[in-house]
Amino acid sequence: MTAVPFQKRALLRRLHGGDALQTAALIVLVLVVLVAVLAPWIAPYDPNGLDLSAALGGASGDHLLGTDESGRDVLSRLVYGARSGLLGPLVVVAVSTALGALVGVAAAWCGGLVDAVLSRAMDLVFALPGLLLAIVLVAVFGPGLTAPTVAMSIAYVPYVGRLVRNVAVQETTRPYIQSYRVQGWSGWTICLRHLVPNIAPLVLAQSAMNFGYALMDLAALSFLGFGVQPPAADWGAMINNGANALLQGAALPALAPGAAIVVAVVAFGIVGEGVADRVAKREA
Amino acid sequence: MTEQPVLAVEGLRKTFGDHAAVDDVSFAVPPGGSLAIVGESGSGKTTTARMLVGLERPSAGRVLVDGADRTAPPRGRTARLARARAIQMVFQDPYLSLDPRVTVADAVEEPLRLHFDLDPAARRARRDELLDRVGLGEREAAALPRRLSGGQRQRVALARALAVEPRALVLDEATSALDVSIQAQIVELLRDLRASLGVAYVFVSHDLSLVRHVADDLLVLRRGRTVEAGRAAAVLDGPRHPYTRLLLDSVPRPGWDPARIAADRRALD
């Protein structure tokens with residue numbers, strides 16, 4: 001009722017005000033997701049269709065982004081690459097956010113020894129380079145999307161966990177949480193029904209930024225050959241593959257996936273910061 | 001006072017490190033009674049209030065509600081709910097004590113759902129009755145706290161606390177964040193509620209001018225210790241301790257001399 005005009009106003013402000021950059025970033029993200037979902041219908045060619053006679057062709061009417069050294073259509077590979085490019089980070093963000101929220105809230109709510117143990121454990125994981133952990137897991141489980149994704153999911157827990165802990169510690173000292181305690185609610189109920197929803201926007205903002213970072217890390221791993229294996233289309237692997245073509249004067253096979261990664265990561269960063277800004281404004 | 005006090009505190013003490021925030025405080029509140037705890041910032045009055053409702057654990061001493069010891073944290077759901085039904089609290093800042101995501105109606109219904117086995121229609125009726133008691137209507141019920149004024153929010157906090165039907169209500173500076181005119185309305189409301197519901201009050205305040213209107217008994221705290229206690233009117237009309245006199249002199253009125261009060265204040269230290 002009264003909430004509707006308020007939302008409308010916020011929407012108008014977002015479209016007309018200084019948030020044009022964020023609107024653009026949001027549109028980019030929606031497009032990337034659509035491309036990934038609709039890949040089979042959008043891609044003009046089979047991403048793995050070899051045509052050696054057309055190898056390293058530049059941009060043309062037939063191949064908008066040219067072809068790679070095996071004559072595969074770069075645009076089609078880029079479109080299909082969005083799938084593994086988004087799926088990996090999605091899993092990383094979902095798992096690390098869930099675990100991080102659990103650890104952070106537990107540390108904040110219990111305090112004392114539990115807080116000390118969980119916080120030190122997070123410091124420990126934090127100190128461990130994620131890429132190194134991924135390489136170790138790849139050595140054990142073999143290359144592919146799984147091992148790097150599992151490694152990154154673990155490595156990203158402290159990013160979320162620390163934030164959640166700090167925000168939750170602040171939130172639990174607020175009178176509204178204490179009044180739930182005085183009312184007689186159990187700690188579980190207060191955390192799940194009231195604490196977590198109230199800190200969720202901030203965690204969401206961090207997760208959006210983490211999505212970008214995870215995308216970059218996973219692309220780096222597949223660039224190094226630990227991730228998605230050829231001939232599957234993957235942005236990181238495409239850059240690796242295109243490195244040779246670069247020496248032969250064809251820039252697009254490496255440049256196109258590189259640009260895609262940059263655009264996606266930057267877009268996630270902008271959207272994440274936008275959410276964080278809005279949360280901060282609402283708190284003020 | 002021959003009947004058992006609804007709330008009794010014996011030798012209550014709370015230390016943070018070496019500092020004793022509350023030191024050997026004792027008092028009793030009869031059923032339907034009203035006790036004011038006054039003192040300036042840092043006198044330990046808020047810490048005392050928090051120990052009463054179980055938000056702080058006393059370092060020593062006992063808190064008895066209807067004769068039952070509730071010093072240790074409760075074990076299990078039944079004990080937790082029984083304690084909540086004994087004492088509720090209204091916090092100082094109504095801008096922070098309501099969940100920003102929960103509408104007024106839900107804020108009052110939640111404790112009803114937790115404590116009473118009512119069908120939805122009966123719960124809604126009880127909710128409306130509670131809101132009506134504190135002077136809030138349907139319009140406010142549908143709103144989120146941020147749409148309400150400070151006075152309205154404090155009314156919501158009151159309705160929410162009363163929903164549990166507590167024997168005693170701790171009001172921690174419950175009117176000091178409000179404008180003076182709104183303050184008077186809330187004080188009036190508190191008097192009505194006490195008269196009609198028979199709920200006992202522990203009124204924590206730094207404002208002595210308010211105390212006369214809401215409290216039967218008065219306890220003056222300074223640096224965590226009781227400096228004076230007695231019937232509110234008697235203490236306010238004939239303060240015996242210099243600190244109580246100072247607090248009374250500090251209330252602005254004609255002929256008020258801030259410089260002399262500051263000098264007295266230093267002499268007391």
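In this predicted model, the axes of H9(A) and H10(A) cross at roughly 150° and come within 11 Å of each other. Because angles over 145 degrees count as roughly antiparallel, the two helices H9(A) and H10(A) are roughly antiparallel to each other. The crossing in which H9(A) passes H10(A) is right-handed. On the H9(A) side, the residues of this contact are Ile177(A), Tyr180(A) and Arg181(A), and they meet Ile190(A), His194(A) and Leu195(A) of H10(A). By class, the contact of H9(A) with H10(A) contains four nonpolar residues, one polar residue and one charged residue.

**The interface between chains A and B**

Between the two chains, 16 residues of chain A are in contact with 24 residues of chain B. Helix H9 (175–183) and helix H10 (187–223) of chain A are the elements that give two or more residues to the side of chain A that touches chain B. H9(A) gives the most to that side, with seven residues. The side of chain A that touches chain B comprises six nonpolar, eight polar and two charged residues.

**A buried valine in chain A**

Val103(A) lies in helix H4 (residues 74–110) of chain A. With 22 other C-beta atoms within 10 Å, Val103(A) is buried, because 20 or more such atoms is the criterion for burial. Leaving aside neighbours within four places in sequence, the residues in contact with Val103(A) are Leu118(A), Met122(A), Val157(A) and Gly161(A). A separation of 9.1 Å lies between the C-alpha atoms of Val103(A) and Val160(A), which are 57 residues apart along the chain.

**Chain B as a whole**

The secondary structure of chain B consists of 11 helices and 10 strands. Its radius of gyration is 19 Å, close to the 18 Å that the globule rule gives for 269 residues, so chain B is as compact as a globular protein of that length.

| Property of chain B | Value |
|---|---|
| Span of the C-alpha trace along its principal axes | about 60 × 45 × 40 Å |
| Buried residues, as a share of the 269 residues | 42% |
| Contacts joining residues at least 24 apart, among contacts between residues at least 6 apart in sequence | 66% |

Note on methods:
Residues are numbered from 1 along each chain as its sequence is written. Chains are lettered from A and ligands numbered from 1 in the order in which they are written. This is a predicted model: local features need pLDDT of at least 70, side-chain atom pairs count only at pLDDT 80 or more; totals for chains, interfaces and linings use all residues. Two residues are in contact if their C-beta atoms, placed from the backbone, lie within 7 Å. Helices (H or I, at least four residues) and strands (E, at least two) are DSSP runs, numbered from the N terminus. Ala, Val, Leu, Ile, Met, Phe, Trp, Tyr, Cys and Pro count as nonpolar, Asp, Glu, Lys and Arg as charged, and the others, Gly among them, as polar. Axes are lines fitted to C-alpha atoms, for helices over the stretch in contact, and angles run from 0 to 180 degrees between N-to-C directions. Angles under 35 degrees count as roughly parallel, over 145 as roughly antiparallel, 65 to 115 as roughly perpendicular and the rest as oblique. A crossing is left-handed if the near helix is turned anticlockwise from the far one by less than a right angle, and right-handed if clockwise. The radius of gyration is taken over C-alpha atoms; the globule rule is 2.2 Å times the number of residues to the power 0.38. A residue is buried if 20 or more other C-beta atoms lie within 10 Å of its own, exposed if 12 or fewer, and partly exposed in between; C-beta atoms are placed from the backbone.
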